[in-house]
Amino acid sequence: MTSIQSVLAAFVIILIDLLGRAGLDKVLALAGGPTLVALWAQLQSVVELVGAVTTAGVLQGLTVLITQASESRHEKVLLRDALKLGAGTSLAAGLIVALASPRLAVWLTRGEIETDLFLLAALAGCIAVVPATLNAYWLGKHQQQRMLWLALLTSLTLLLVAASAWLGMSLRGLIWVQSLVTAVIGIVIWQYIHKLSEVRDDSVDEAEYFRKLVKFVPVGLVIGIMSPVSMLLVRGMLSGTLSWSDVGFLQALWRSTEWVTATAAGVLSLIFLPRFSSTYGSAKFRKEMMRAGVMVLVPAACLLLLIFFNQRSMLAALYDARFVVSDKTAGLFMLGCWIRIAAWLFLFGLFSAHRTGLIMAGEALSLPLYALLLWLFASGMTMERSALLYLASYLVYLAFSAAGLLYSARVTAASQRNAEHK
């Protein structure tokens with residue numbers, strides 16, 4: 001079980017990430033307004049796209065397999081193989097982005113971002129896999145305190161980018177700063193992992209562990225590609241139907257709700273996922289789901305309401321007075337965020353049931369569905385309609401996830417009854 005110290009360390013890690021992103025967005029808003037915030041978000045989606053194909057798949061598998069490993073020599077083999085496989089997967093994604101960057105620059109940014117900046121963003125995403133691998137390894141060993149120190153180290157990237165923006169550096173300069181700082185940190189951690197993963201035992205079956213890690217690659221490709229690509233498409237389409245300033249406003253609204261959504265995701269993954277996994281298939285599983293619903297959804301609803309009633313002052317504090325959205329837009333979007341958290345409750349239940357097929361199918365009904373709805377209803381687009389479509393997409397995602405978990409529970413119960421009768 002995760003200790004109290006580890007849980008507290010995990011919450012501090014979440015807080016560091018939120019504060020870093022919020023601080024950077026604040027500086028970007030002051031330096032270049034909503035347009036710079038939106039364009040920087042586009043580049044970061046490219047970074048996330050290249051990195052997430054590994055972090056959402058291979059590195060999730062690394063954490064799970066490290067937890068189940070019985071000997072340190074097996075852990076070292078897993079760490080080394082995960083770094084190789086993860087780096088290769090992200091490099092392949094980066095090469096695809098590089099080849100497509102001329103079209104992406106025109107299609108997703110209306111020519112606002114030069115082609116070579118997409119290349120730098122892809123490079124940053126590839127290098128970011130290195131510290132993420134060490135992070136996943138330590139998570140599998142329940143060493144959240146070490147993860148905290150790593151989070152502080154990697155947060156230097158956001159700090160230096162923010163300082164550069166404050167000094168008036170252009171978007172090109174900012175992505176160069178991010179790439180160079182990430183590269184320096186990545187080289188240091190790569191050397192550390194190399195020493196940590198040295199194995200002097202030929203009896204370890206390395207091929208077996210590599211095959212186990214490969215099984216997580218499809219999940220990473222589906223989740224890691226769909227969400228960042230969907231966000232790129234969403235911002236690109238809204239910039240055409242509305243404006244880049246409006247995209248910046250919606251990005252600011254998204255960031256303001258992340259204080260609630262990211263915390264909820266952390267609670268579900270760090271506290272309740274182990275509980276779901278240990279009780280799935282028993283009568284206690286439903287009780288754990290109910291407990292998680294009360295402990296996560298009720299506070300989330302209260303906090304989102306608090307943000308809604310103070311959204312103008314909060315956006316002005318996080319960005320500046322130019323960032324304003326209507327109450328209807330904010331209300332629909334925040335209701336969509338709460339529905340999204342509710343869907344995650346059932347999503348983590350599906351993880352505990354090992355229903356990777358349903359998880360991958362459901363992924364298409366979240367942000368990808370939102371992007372599709374924005375395309376279908378593009379004519380006469382407004383901020384309010386974009387928020388309403390966001391709510392609609394996550395209502396579908398919630399319904400699918402809940403139905404999927406209910407189906408899985410029934411199949412498991414039927415299998416258990418059949419096993420008892422034999």
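Colleague: Does aspartate 25 count as buried or exposed?
Modeller: This is a predicted model, in which local features need pLDDT of at least 70 and side-chain atom pairs count only at pLDDT 80 or more, while totals for chains, interfaces and linings use all residues. Residues are numbered from 1 along each chain as its sequence is written, and side-chain values use heavy atoms, with hydrogens and water left out. With a 1.4 Å probe and protein chains only, buried means under 20% relative accessible area, exposed over 50%, and partly exposed in between. Because its relative accessibility is 5%, aspartate 25 counts as buried.

Colleague: With which residue does the side chain of aspartate 25 meet in a salt bridge?
Modeller: A salt bridge here is a side-chain nitrogen of Lys or Arg within 4 Å of a carboxyl oxygen of Asp or Glu. The N to O distance for aspartate 25 is 3.2 Å, and the partner is arginine 255.

Colleague: How many residues apart in sequence are the parts that arginine 255 and aspartate 25 tie together?
Modeller: The two side chains meet in a salt bridge. Helices here are DSSP runs of H or I with at least four residues, numbered from the N terminus. Arginine 255 lies in helix α10 (residues 244-279) and aspartate 25 in helix α1 (residues 4-55), so the parts that the pair ties together are apart in sequence by 230 residues.

Colleague: Which helices does the pair of aspartate 327 and arginine 312 tie together?
Modeller: Aspartate 327 forms a salt bridge with arginine 312, where the closest N and O atoms are 2.7 Å apart. Aspartate 327 lies in residues 327-352 and arginine 312 in residues 311-318, so the pair ties together parts that are 15 residues apart in sequence, namely helix α13 and helix α12.

Colleague: Which residues do salt bridges that share partners join into one network?
Modeller: Aspartate 327 is partly exposed, with a relative accessible area of 38%, and arginine 312 is partly exposed as well, at 44%. Salt bridges that share partners join into one network the residues Asp25, Arg255 and Glu258.

Definitions and conventions:
Helix = DSSP H or I, 4+ residues; strand = E, 2+ residues; numbered from the N terminus.
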